[in-house]
Amino acid sequence: MIDIAIKNLINSAVSTMIEKTSAVNKMTHLQDKHEVKVHFIPKRYRVFGGLLQSMNIQFGNFIEELMTALIDNETKYEILKEYSGKKSNSFRLSVSNDKRIDEYITRCQTEQNMDLCKEFATLQDDILNDTDSNTNKFKHDIDILFKNTETGTIYYVESKYNDDHDTGKFVDINRKIIKTYAYLAREFDIQNSSDLVPILFFFTNKKMKGNIYIPEQTNILRGRNFFEKFLSVKYSDVDDYLSNLSESDDVVRMFDELYSKVMNS
């Protein structure tokens, strides 16, 4: 069963998303934007579609907040709040590691039949063993960063709602994960790859295509697998609650009101 605090978090976040989206200034901005566009779809429907798209983006941020709350609810994990969820963490990356990661990404794109598990593990070791003192400073966001208080292992999680990204974004996501891993390894003075684990997490179980940059077996977790590995709450319980909430009378009423507001504006 889901803790009442988690239910309240979900209910509150959904209501807030809808309320923010239905704000007059948000609607006015979209109306002005579409006023100058020539299109066969009526403007009011384009505005409503834009509002739904905005909520879809906000929902991805909500999933990050929800997963952070679920992890924080577990007794053996600690959210590293100095970094986790922050959008402008300041880190340093050595010039050689920056180059090393870019070259690794290129190799993944060009080499056939590469042993991804072996090559990724080698890359991690090379990053940790790097001695280059020449560094560049970066501002970087961290989705979720938490520690197992029993083992000391730190987990860096890049959180996505669904595995549906286009090719360009998919490359950038994986490059970001690996470079953030390098930032964090330097920040926490990590000596062993088992002490800092980078994870690409998709909330849904959908798998669009194979990942050629990060091994699925060790560093990608989807929906149910993440819950089974880290959480006491069941994935099916959270999934069912979100599904039922979307069809609840209160949520349907809020969307009906938003639709009427747009159509009558």
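In which helix is Phe 59 found? Phe 59 is found in helix α3, where helices (H or I, at least four residues) and strands (E, at least two) are DSSP runs numbered from the N terminus. The model is predicted, so local features need pLDDT of at least 70 and side-chain atom pairs count only at pLDDT 80 or more, while totals for chains, interfaces and linings use all residues. Residues are numbered from 1 along each chain as its sequence is written, and side-chain values use heavy atoms, with hydrogens and water left out.

The chain has 10 helices and 7 strands. Its C-alpha atoms fill a box of roughly 65 × 45 × 35 Å, taken along the principal axes. Of the 265 residues, 45% are buried; buried means under 20% relative accessible area, exposed over 50%, and partly exposed in between, with a 1.4 Å probe and protein chains only. Among contacts (heavy atoms within 4.5 Å) between residues at least 6 apart in sequence, 74% join residues at least 24 apart.

Confidence is given as pLDDT, the predictor's confidence in each residue, from 0 to 100. The chain mean is 89, and 97% of the residues reach 70 or more. The lowest confidence is in helix α2 (residues 24-35), at a mean of 74, and the highest is in strand β4 (residues 144-148), at 98. Where pLDDT is low, the predicted coordinates should not be read in detail.

Helix α3 spans residues 43-72. Phe 59 in this helix counts as buried because its relative accessible area is 18%. Not counting residues up to four places away in sequence, Phe 59 touches Met 17 and Tyr 161. The C-alpha atoms of Phe 59 and Ala 13 are separated by 8.8 Å, although the two residues are 46 apart along the chain.

Arg 46 is also found in α3, and its 13% relative accessibility is why it counts as buried. The side chain of Arg 46 reaches the backbone oxygen of Ile 41 at 2.8 Å. Beyond four places in sequence, Arg 46 touches His 34, Lys 37, His 39 and Ile 41.

Leu 52 and Phe 255 are 203 residues apart in sequence and 9.7 Å apart in space, C-alpha to C-alpha.

Helix α1 (residues 4-21) and helix α10 (residues 249-263) pack at an angle of about 10°, with their axes 10 Å apart. The axes are lines fitted to C-alpha atoms, for helices over the stretch in contact, and angles run from 0 to 180 degrees between N-to-C directions. The two helices are therefore roughly parallel to each other; angles under 35 degrees count as roughly parallel, over 145 as roughly antiparallel, 65 to 115 as roughly perpendicular and the rest as oblique. Val 14, Ser 15 and Ile 18 of α1 meet Val 251, Met 254 and Phe 255 of α10.

Ser 94 lies in strand β2 (residues 89-94) and, at 2% relative accessibility, counts as buried. Its side chain makes polar contacts with the side chains of Ser 96 (3.3 Å) and Asp 130 (2.7 Å). A polar contact is a pair of N or O atoms within 3.5 Å; within protein, one must be able to donate a hydrogen and the other to accept it, and residues adjacent in sequence count only if both atoms are side-chain atoms. Leaving aside neighbours within four places in sequence, Ser 94 is in contact with Asp 130, Asp 132, Asn 134, Thr 135 and Arg 186.
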